[in-house]
Amino acid sequence: MITKKLGQAGGGRFPAAGYNENKVLEGVADLLLARNVNERFLRQLDIMHAVGINAGGEVERYMREHSQTYGNSKTQNKQFHVALSVKEHEMDRYELGEFAERFMERMGYGGQPYFVYFHHDTGNNHVHILSTRINRYGIAISDSFDKMRMQRVTDEILGITPEKERQKLFSYGFQTEGQFLNVARSCGYNPKEETVDGVDCFTLFRNHYPQIIIPKVEIMKRMVPKEDSLEMKKRKERARQLKAILMKYRQLSLQQQILTQKGKAVTQSDLEEERHWLCRGCSIRTAIPSMRRRNCK
């Protein structure tokens, strides 16, 4: 899951309304759900979507009307616009919608009016969430360290913990420090070399949020010696050979069983002929043995 906070907007504007509604008009997005939004307004939106009218202006006006500060805040950055994306189709539209609701609740926006749009214009399923930072009392919800909080909330919902992530990273075999760092990068982390309490470490960041601190000495202890790596390759090769032998004798046993059921005397030549027409890819069984062999590839 990739969580991304999209561009802020000054002047009390909500440009994300036009962006998402344009996508709906193009047929590459749908209004998946809305929370704390007037039912009459939602029926109006449904009608506009059905007849192909761009409702961007209507949604922006609605958000402006529900973002009055009443003198309780001077902020002009009222829009809250977030994208939640998964790899390909790891979550469907409804799972993403449920995730978005839990995400908004934990981010402190559960009581705010917000719209969730499901986008299908890329190979990765994703939703855009549009809301307002101004609550019902005209006070702005703090956006300090939003990126870090968003990542933490996302991990909490997914059940990702630093200990689980540490185990995942060390489950890969690596022989050098550089290989371990490449593993960390492939898992979405940005490693940074630091000294923590006098210990040389690598701090793994995600969305600018420090998630895991791993001492260098621990990385060295977990390195797989080259000799062990070669032995692992040999074991895999021996396992492959053993599997091939077992499959061969399993096939011969099956052939022998078939010939016995036919009431034939089982000979090596019988098994050889039976092997040719039973083997994978051979679909022609002729009455002439030489033709059988020629047609078997």
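F41, Y62 and F115 form one aromatic cluster in this predicted model, where local features need pLDDT of at least 70, side-chain atom pairs count only at pLDDT 80 or more, and totals for chains, interfaces and linings use all residues. Residues are numbered from 1 along each chain as its sequence is written, and side-chain values use heavy atoms, with hydrogens and water left out.

A search of the whole structure finds 7 aromatic pairs, a pair being two rings of Phe, Tyr or Trp (its six-membered ring) with centres within 6.5 Å, called stacked if the planes are under 30 degrees apart, edge-to-face if over 60, and tilted for the rest. The rings of Y62 and F115 have centres 6.3 Å apart and planes at 80 degrees, so this pair is edge-to-face. Because Y62 lies in helix α3 (residues 56-65) and F115 in strand β4 (residues 114-119), the pair ties together parts that are 53 residues apart in sequence; helices (H or I, at least four residues) and strands (E, at least two) are DSSP runs, numbered from the N terminus. Y62 is buried, with a relative accessible area of 7%, and F115 is buried at 0%, where buried means under 20% relative accessible area, exposed over 50%, and partly exposed in between (1.4 Å probe, protein chains only).

F170 and F174 form a tilted pair, at 6.2 Å centre to centre and with 35 degrees between the planes. Both are buried, F170 with a relative accessible area of 11% and F174 with 1%. R222 lies over the face of F170, at 4.3 Å from the ring centre, and R93 lies over the face of Y94 at 5.8 Å; for such a placement, NZ of Lys or CZ of Arg must be within 6 Å of the ring centre and within 35 degrees of the ring normal.

Just after α2, G52 takes a positive phi of about 80 degrees.
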